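Here is a short report on one protein chain. Look over the sequence and the model before reading on.

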Amino acid sequence: MSALKKSDKKAALDFAAWSFNVTTSVGLIMVNKALMATYGFSFATTLTGLHFVTTTLMTIVFRWLGLSQPSHLPLADLVKFVIFSNLSIVGMNVSLMWNSVGFYQIAKLCMIPASCLLEVVFDHVHYSRDTKLSIMVVLIGVAVCTVTDVSVNARGLIAAVIAVWSTALQQYYVHFLQRKYSLNSFNLLGHTAPAQAGSLLLVGPFADYLLTGKRVDHFSFSSLALFFLALSCFIAIGVNLSQFICIGRFSAVSFQVLGHMKTVLVLSLGFLFFGKEGLNLQVVLGMVLAVLGMIWYGNASAKPGGKERRSVLPLRSASLKGSSEEKGGAEK
């Protein structure tokens, strides 16, 4: 009975974490769409830097309130994480600029196979046949929804490859660092957010000038543009926090698979609020197929043998803990 209650509690917390991520992510996309399309603030990399500034302020407040405990993250791991994250952000923006929308969407779909490969190689994860097939159904469904024109060029392909692998590595690294150093989401954000804020605010204006030909310091802010900018930064706190919570509770692959629910929701809300242009039977069928694939993935991966992790990392941590206890006992 207690095991059942524990399972129910975990399922409820998983659902709450995922709902938090979906709600904030979809909200951020819709606010950013208004900020960029309506008010002309097209400086995506600088905007992301500002998002991490507000996230950094949140981690400082949480630490001051005692909700986040002091922790340690080696500088080498922090630098690697920031490199992966910033390459992901800049790479995605460059990929969207240099590629057709169709190829950009295909590149985003490639993140799931990339994340699967990282888990298989580094964590020795085994996927059942049903789990693999459900992932394929999700990919096909989202491709049917989003992929229209597909044209490829050399520099666009390079940008897409960098974006896909840096994003997959960043999301894998979130899970890896949380397990290796026993960090919760607040602690990990407390280490990474300030570094990302500083680096993106340095790189962002130059990257945005390369992408748009416009300078962020020449942008003329209206009161409504400032309001949407502030709202975007506020919602981004929830997005950054919920991403770390979800990857910590699930895995990078599950985060990517379920993440396509956001794609379906964004498409649906876009048709609802911004007109039904582009809505057709193909898009509807793609959405239905993607949702069915996500439900199948949830069931398949939850079954015994659906997704088995054989990582040696916890054993290594346990042996280190044991040796330190033995050392402490010897000193006594």
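## Buried or exposed

A residue counts as buried when its relative accessible area is under 20%, and as exposed when that area is over 50%. Anything in between is partly exposed. Keep these cut-offs in mind, and remember that this model is predicted.

## The whole chain

The protein chain holds 12 helices and two strands. Starting at the N terminus, the elements run α-α-α-α-α-β-α-α-α-α-α-α-β-α. Of the 332 residues in the chain, 46% are buried.

The accessible surface comes to about 17100 Å². Carbon and sulfur atoms account for 70% of that surface. Now take contacts between residues at least 6 apart in sequence: 88% of them join residues at least 24 apart.

## A buried asparagine

Asn240 sits in helix 9, which spans residues 223-249. Its relative accessibility is 10%, so Asn240 counts as buried.

Which residues does Asn240 touch, leaving aside those up to four places away in sequence? They are His51, Phe52, Thr55 and Leu189. With Thr55 there is also a polar contact: the side chains of Asn240 and Thr55 are joined at 2.9 Å.

Helix 5 (111-123) and helix 7 (154-180) each supply at least two of its residues. The largest share, four residues, comes from helix 5.

Key:
Residues are numbered from 1 along each chain as its sequence is written. This is a predicted model: local features need pLDDT of at least 70, side-chain atom pairs count only at pLDDT 80 or more; totals for chains, interfaces and linings use all residues. Side-chain values use heavy atoms; hydrogens and water are left out. Buried means under 20% relative accessible area, exposed over 50%, partly exposed in between (1.4 Å probe, protein chains only). A polar contact is a pair of N or O atoms within 3.5 Å; within protein, one must be able to donate a hydrogen and the other to accept it, and residues adjacent in sequence count only if both atoms are side-chain atoms. Contact means heavy atoms within 4.5 Å. Accessible areas come from the Shrake-Rupley method with a 1.4 Å probe; for residues, only the protein chains shown count as cover.
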